[in-house]
Amino acid sequence: MSLKEKILSSYLAFEDYLEDDSPIHDLRNKAIKTFESHGFPSKKEEAWKYTSLNALLKEDYSIFPKKETTIEFKEVRKYFLHEIDTFKIVFVDGVYSSFLSSTTHDGMDICLLSAALSKDKYKPVIETYFNKVAKEDSLTSLNTAFAKEGAYIYIPKHKEVQKPVEIINFYTGSETALMLQPRNLIIVGENAHIQIIERHQSLSENAVLTNSVTEIFTEKRAFVDYYKIQNDLPSASLIDNTYIKQERDSVCSVHTFSFGGKLIRNNLNFYQYGEHCNSILKGVTILEQKQHVDHNTLVHHIAPNCESHQDYKGIFDDNSTGVFNGKILVEKDAQKLDAFQQNNNILISDKATINSKPQLEIFADDVRCSHGCTIGQLDDEAMFYLRSRGIGEKEARALLMYAFANNVLESVKIPELKKRINKLIANKIGVNLGFNL
Amino acid sequence: MLKIKNLHASVEDKDILKGINLTVNPGEVHAIMGPNGSGKSTLASVIAGKDEFEVTKGGIELEGEDIKELDPEERAHKGVFLSFQYPVEIPGVSVTNFIKTAINETRKAKGQEDMPAAEMLKKIKEKADLLEIDRKFLSRSLNEGFSGGEKKRNEIFQLAMMEPKLAILDETDSGLDIDALKIVANGVNKLRNADNAVIVITHYQRLLDYIVPDYVHVLMDGKIVKSGSKELAYQLEEKGYDWIKEEVKA
């Protein structure tokens with residue numbers, strides 16, 4: 001039985017089990033049909049030209065974990081931003097862990113999607129927002145069909161969330177191979193502020209394939225800073241589908257730090273519906289061995305007087321492969337736009353590969369769109385400069401790579417997180433630099 | 001201190017240095033002058049160990065030790081310092097962090113502990129004052145957005161911090177106005193002592209009014225064609241290089 005067939009038959013069991021009268025019942029049924037007719041994407045599709053899922057799909061994934069596993073906080077403490085107080089929404093093998101979590105309903109909701117789907121008081125919100133910005137492509141539909149658990153965040157207007165929210169999905173290896181479908185719904189009201197950190201972390205050598213969908217709605221003048229930490233084990237793969245709908249004067253930034261994992265595909269989509277929106281997409285990718293990371297971004301400019309800034313840096317060693325496919329779509333009415341896209345890459349090994357493809361579709365005539373892409377090695381002159389100051393070759397390389405990635409870190413607004421990422425980068429490069437990052 | 005014997009170097013099979021002989025003793029200042037393309041900067045880079053250049057013949061000795069095969073960082077550890085004509089911009093690494101790294105890496109190579117933080121700070125302050133460098137400047141990213149003069153002053157600040165045995169100043173005067181030139185020259189002079197030496201590479205005699213050389217060498221087509229006292233620099237300033245070309249031909 002192929003994975004697709006297994007998923008389709010599991011869906012029937014899932015439907016029975018849920019006895020679902022939730023507001024999304026019909027959506028699920030529609031979504032599984034979409035998945036059934038499209039199946040998993042293949043390399044024949046333009047958007048998947050450089051990323052093949054074939055090898056991953058050969059695993060015999062369990063669609064639902066058979067047993068619940070608990071983990072001790074001390075085992076996983078290091079994956080939390082424990083230096084500061086945070087809200088936490090934590091899942092273990094796809095199941096909510098109240099023990100590891102720290103949620104709230106005090107003037108806002110930072111809790112669980114399963115609760116929001118089952119309780120009547122959330123029904124109007126679910127009906128207004130759920131699956132309203134997500135694309136109906138096959139992977140998103142697959143997630144929608146099995147959508148049951150994930151983070152639910154509702155921040156009412158004028159509320160500034162005082163501490164960051166961590167959304168962490170742990171995988172314990174309770175099955176030999178597991179497929180997870182986390183679903184996050186995040187609504188940030190008018191003039192509200194929030195910072196969110198999302199992480200998928202496997203604790204086991206057993207394979208896991210996560211097909212995650214996150215919908216974010218930023219209302220008027222809302223501020224959202226979203227950080228994705230992708231530093232998983234070589235047994236873990238992630239398909240991240242994130243959709244962001246922005247209303248006027250809102251600012252949303254997404255930083256994606258991709259340092260580990262077998263295969264990562266980031267489908268990051270911004271839709272600017274109101275004027276004066278600002279979308280910020282930043283990424284640092286540092287890969288080695290046979291890792292593969294594919295950044296597929298879309299910024300859809302629909303309203304006038306908006307901005308978007310994309311800055312992705314990649315460092316590729318060994319046989320690693322990277323893809324950057326950045327699409328900027330400018331509608332006829334999106335005049336006076338300022339859109340900027342940059343993708344810079346350094347190949348350290350002769351066997352590493354990067355495919356970088358900017359894609360601009362512009363239907364407005366009064367816009368400023370710029371894009372740039374570079375692929376190179378470390379600058380010889382800069383290496384000589386550092387080495388002539390007594391800094392060894394390895395450290396000089398590290399310093400230059402750090403400098404290369406650094407401007408993406410400048411915009412990280414949580415100092416403790418910035419420090420963490422700095423350390424991750426230093427570890428990843430394998431050098432302890434002679435000063436405090 | 002430095003003994004260069006019959007040094008030949010090439011880049012991509014093109015000969016640039018064609019038999020340089022130069023001896024620099026402790027406490028001396030040597031000026032190397034010459035027209036564009038004569039090989040001055042190549043000589044500086046070859047002494048500092050840039051691997052773009054291949055030494056095809058001859059040798060470079062530092063305090064009796066052949067350093068020809070050493071990596072640039074190893075030469076730095078032994079006390080060679082090159083002040084770059086075009087210092088490289090390193091975004092995200094501050095002047096302070098850079099110099100701390102350079103000093104501690106050098107100490108590490110010599111088997112010493114890191115310099116204690118207080119001592120480092122004191123030294124940074126002292127050397128920044130010497131070169132009239134503003135405190136704010138030290139927290140800026142290395143060379144990023146620096147003016148030509150700021151870059152050169154920063155090079156000399158690094159020189160002052162590293163306290164090398166042999167300092168090579170590659171056109172440190174270019175891009176400096178007269179006030180900055182005096183500050184830089186004063187900085188270099190304060191660092192001079194009986195145990196170290198300076199090689200000044202320049203087009204112009206101007207800098208040599210402030211860093212007074214014991215010897216002046218003229219480099220042409222990859223060879224030192226004439227050596228003399230500081231008076232030679234004045235002659236070159238006045239008459240250019242043509243008369244030397246004539247001399248060489250004759």
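Where in chain B does D134(B) lie? I found D134(B) in the loop between α4 (117-130) and α5 (135-138) of chain B, where helices (H or I, at least four residues) and strands (E, at least two) are DSSP runs numbered from the N terminus. I noted before going on that this is a predicted model, in which local features need pLDDT of at least 70, side-chain atom pairs count only at pLDDT 80 or more, and totals for chains, interfaces and linings use all residues. Residues are numbered from 1 along each chain as its sequence is written, chains are lettered from A and ligands numbered from 1 in the order in which they are written, and side-chain values use heavy atoms, with hydrogens and water left out.

**Entry 1**

I looked up the accessibility of D134(B), and at 47% relative accessibility it counts as partly exposed; buried means under 20% relative accessible area, exposed over 50%, and partly exposed in between, with a 1.4 Å probe and protein chains only. I also took the C-alpha to C-alpha distance from D134(B) to K123(B), which is 14 Å for a sequence separation of 11 residues.

I then went to E163(B), which sits in the loop between α6 (148-162) and β9 (166-170) of chain B. E163(B) is not a glycine, yet its phi is positive, near 45°, and its relative accessible area of 49% makes it partly exposed.

Within helix α6 of chain B I picked out N154(B), which is buried with a relative accessible area of 0%. Leaving aside residues up to four places away in sequence, I listed V95(B), F137(B), L142(B), N143(B) and F146(B) as the residues that N154(B) touches, a contact being heavy atoms within 4.5 Å.

**Entry 2: chain B as a whole**

I counted nine helices and 12 strands in chain B. The radius of gyration of chain B is 18 Å, in agreement with the value near 18 Å for a compact globule of 250 residues; the radius is taken over C-alpha atoms, and the globule rule is 2.2 Å times the number of residues to the power 0.38. The C-alpha trace of chain B spans about 60 × 40 × 35 Å along its principal axes.

I recorded that buried residues make up 55% of the 250 residues in chain B, and that, of its contacts with a separation of 6 or more, 69% are between residues 24 or more positions apart. The accessible surface comes to about 11200 Å², with 45% of it belonging to carbon and sulfur atoms; such areas come from the Shrake-Rupley method with a 1.4 Å probe, and for residues only the protein chains shown count as cover.

From UniProt I took the feature "domain: ABC transporter" (unreviewed entry), placed at residues 2-246 of chain B, bearing in mind that annotations may be inferred rather than shown by experiment. Over residues 2-246 of chain B I read 37% helix and 29% strand, with the end C-alpha atoms 30 Å apart.

**Entry 3: chain A as a whole**

Chain A has 10 helices and 20 strands. Its radius of gyration is 21 Å, close to the 22 Å that the globule rule gives for 437 residues, so chain A is as compact as a globular protein of that length. I put its C-alpha atoms in a box of roughly 70 × 50 × 45 Å along the principal axes, and noted that 60% of the 437 residues count as buried.

UniProt's annotation "domain: SUF system FeS cluster assembly SufBD core" (unreviewed entry) covers residues 176-404 of chain A. I found 9% helix and 62% strand over residues 176-404 of chain A, with the end C-alpha atoms 39 Å apart.

**Entry 4: two residues of chain A**

I checked N131(A), in the loop between α6 (123-129) and α7 (138-146) of chain A, and found a positive phi of about 60° although the residue is not a glycine. N131(A) is buried, with a relative accessible area of 11%.

I ended at L18(A), in helix α1 (residues 3-18) of chain A, which counts as partly exposed at 24% relative accessibility. L18(A) touches R28(A) and K148(A), not counting residues up to four places away in sequence; the C-alpha atoms of L18(A) and K148(A) are separated by 9.3 Å, although the two are 130 residues apart along the chain.
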